[in-house]
Amino acid sequence: MPEDRGRLVFGDTSNASFSDLLRRDFPHLLPSVLVSADGMTQVPHGTTVLALRYREGVIMSGDRQATSGFQVASRRMEKIFKSDDLSGVGIAGAAGPAMEMAKLFQTELEHYEKVEGDNLSLDGKANKLSQMVRMNLPAALQGLVVVPIFAGFDEKAGLGRLFKYDVTGGRYEETDYDAQGSGSKDARDSLKKLWRRDMGREDALRVSLEALIDAADEDVGTGGPDLVRGIFPTVKTITLSGFNDVPEDEIRRVCEAILSERTTSEQRS
């Protein structure tokens, strides 16, 4: 297929799947990773992301640390990405393929909307992401695992919903909360104790940050709030009004309150 002055020129563009178009006309542009023959290549890995339902929708958050072996590869990695106005994806696993997948997923949804003239349903978006996770299986078998968490606001149902995946692309809906990544078990344990049905935004923000701090306490790969460098978790909300950032000043305030309360409790005990 020819290129027109640096622009990609596709053949039949009536296919609503952008991934299928790439696979047919430009397969070399699909996400791929070269792994050494011994399979021991060290690549940066994102660690802990989570999502939970609250009264107005869904809140998604993630720590900022990426690790490579026993070293910190990045302290400021973004792990929560906007998919469209009413959904987002959190990435855990091999950082490069995970970020490529998140960006391709966003393009996939934009392409579908332009071709079909309508948005996919939330279930349709979750299924589309499942297909992309399945496409990554050959790389996952070499150790480059990507396991996202997907959440969004379902306009028809009028509530937030969230989905988790396994490495083969299996899709499972969670009704309340979930976490993925190396600190996911500790984050889920924390959410199990703190999550309450019909929480407001402020309570949901605190619960999500408490869970990430608990994960950082137990998991060496998960980065906690860094008061010295001014690095705090990323937090997004998804409601009927759209996909929105939680201001960093608000995140800092809640993190400082949590750490202060825990320090006081430690000193008393």
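The following legends describe close-up views of a predicted model.

**View 1. Residue A94 in strand β10.** Strand β10 comprises residues 93-94, and A94 lies within it. The relative accessible area of A94 is 0%, so this residue is buried. A94 and V146 are 52 residues apart along the chain, yet their C-alpha atoms are separated by 5.8 Å.

**View 2. The span of helix α7.** Helix α7 covers residues 248-268, a run of 21 residues.

**View 3. Buried and exposed residues of helix α7.** The residues E250, I251, V254, C255 and I258 of α7 are buried. Because these residues cover an arc of only 130° around the axis, they lie on the same side of α7. On the other side of α7, D249, Q267 and R268 are exposed. The packing partners of the buried residues of α7 are α6 (201-218) and β15 (234-239).

**View 4. The aromatic pair of F105 and F150.** Three aromatic pairs are found in a search of the whole structure. In the edge-to-face pair formed by F105 and F150, the distance is 5.7 Å centre to centre, with 85° between the planes. F105 belongs to helix α2 (residues 95-116) and F150 to strand β11 (residues 149-154), so the pair ties together parts that are 45 residues apart in sequence. F105 and F150 are both buried.

**View 5. The aromatic cluster containing F163.** Ring pairs join F163 with F105 and F150 in a cluster.

Conventions:
Residues numbered from 1 in each chain as written. Predicted model: local features only at pLDDT ≥ 70, side-chain atom pairs only at ≥ 80, totals over all residues. Heavy atoms only, no water. Helix = DSSP H or I, 4+ residues; strand = E, 2+ residues; numbered from the N terminus. Buried < 20%, exposed > 50% of the residue type's maximum accessible area, 1.4 Å probe, protein only. Expected span 1.5 Å × (residues − 1). Arc of directions from axis to C-beta. Contact = heavy atoms within 4.5 Å. Phe/Tyr/Trp six-rings, centres within 6.5 Å; stacked < 30°, edge-to-face > 60°.
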